[in-house]
Amino acid sequence: MRRKDVLDLDDFAPDEIREVLETTVAMKEVLARPIKRVPPLRGKTIVNCFYEASTRTRVSFELAAKNLSADVVNISSTGSSVEKGETLVDTTRTLQALGADMVVMRHGASGAPYVVARELSACVINGGDGWHAHPTQALLDLFTVQSRLGRLEGRRIAIVGDVLHSRVARSAAWGFATMGASVVLCAPPTLLPAGFDRAVLTGLRAKGLPTVVAGTPSVELTHHLDAALHDADVVMALRVQRERMDSGLLPSLREYARAYGLTRDRVAKARFGAVVMHPGPMNEGVEIAPDVAYGGQSAVEEQVANGVAVRMAVMYLLAGGRGGAAV
């Protein structure tokens, strides 16, 4: 991987994403061994710097680093010098002085990992920043779909829910579109970011990639759930962020569930056997019904399991690994 940092997928070429997915296959093989540990990052120090609460992402990054034999340090805003007023740049300089080789950062402010990457000579991986990006979540979603369906090119991906506040949706749209899939983002008008489709299409053109898949734009927006689900190979529900209720963007959770919640009947409008996904945590009965979340078409548990292997692959490649052959 010819880059220092992984901050989003908007600047990834298809070959780079393909390399991550191929290396993830090797990491899955490592995780299937009786002893799930290999030496590529022995002697390296990985710092997980999480300014937001997290379970799946933080734990999977920690397991990924330890499985590669790195030393891991976990930092949160609670109990650190941040509570004493230390700025992000000051924290970055501290990490630099302490000899961190790689920093995984989750932060509530969009762009925070970019600030750290600019100041830090170590590699930086964005573990989620504000409403902006979550690249490793998108990569594990890509890997999950590829594992289930065999290829990404030409697939139709429907992403339904609070797109406006979803860093997962943004990174996933970039990732799937870069790999030749078409993405339709569906939400109520108040939860759909105007112009995002045009921004992605412009970015694809700049990278010399197709902007049309099977006669439809690579990324499109719609308020109509039936239209989004039609012919979809993958249906991904996004968490309805209950804190948004206070700002009046939704009339009620019940109304949202009635109009946009994924039920068995609605999923049946997608392609036969369509893969159902959710980045978690789930509000069962709101954006997704329990029998859909845990049904035969669901890949939700696979997404969680694949998170460790994908993050191992990203760390391995950033550290100079090549294709997973040495593990």
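**Entry 1: the model.** I am working from a predicted model.

**Entry 2: the largest pocket.** I began with the volume. The largest pocket holds about 810 Å³. I then looked up its lining and found 38 residues. Nearest the centre of this pocket lie Arg56, Arg106, Pro279, Gly280 and Pro281.

**Entry 3: where that lining comes from.** Which helix gives the largest share of the lining of the largest pocket? I found that H12 does, with seven residues. Helix H12 spans 300-318. Helix H2 (56-67), helix H5 (135-149) and helix H6 (167-178) are also among the helices that each supply at least two lining residues. I checked the domains next. Domain 1 (14-134 + 304-318) and domain 2 (137-299) each give at least three residues to this lining.

**Entry 4: residue classes in the largest pocket.** I sorted the lining by class. The largest pocket has 15 polar, 14 nonpolar and nine charged lining residues.

**Entry 5: the second largest pocket.** I moved on to the second largest pocket and noted a space of about 210 Å³. Its lining is made of 15 residues. Arg264, Val267, Ala268, Val276 and Gln297 are the closest to its centre. I looked up the helices here too. Helix H10 (264-267) and helix H11 (290-293) each supply at least two residues of this lining.

Technical notes
Residues numbered from 1 in each chain as written. Predicted model: local features only at pLDDT ≥ 70, side-chain atom pairs only at ≥ 80, totals over all residues. Heavy atoms only, no water. 1 Å grid on protein atoms, 1.4 Å probe; cavity = no way out; pocket = protein on both sides within 12 Å on 5 of 7 lines; lining within 4 Å. Points joined across faces, edges and corners; volume = space filled by probe spheres on them. Helix = DSSP H or I, 4+ residues; strand = E, 2+ residues; numbered from the N terminus. Nonpolar A, V, L, I, M, F, W, Y, C, P; charged D, E, K, R; others polar. Domains from an automatic or database assignment.
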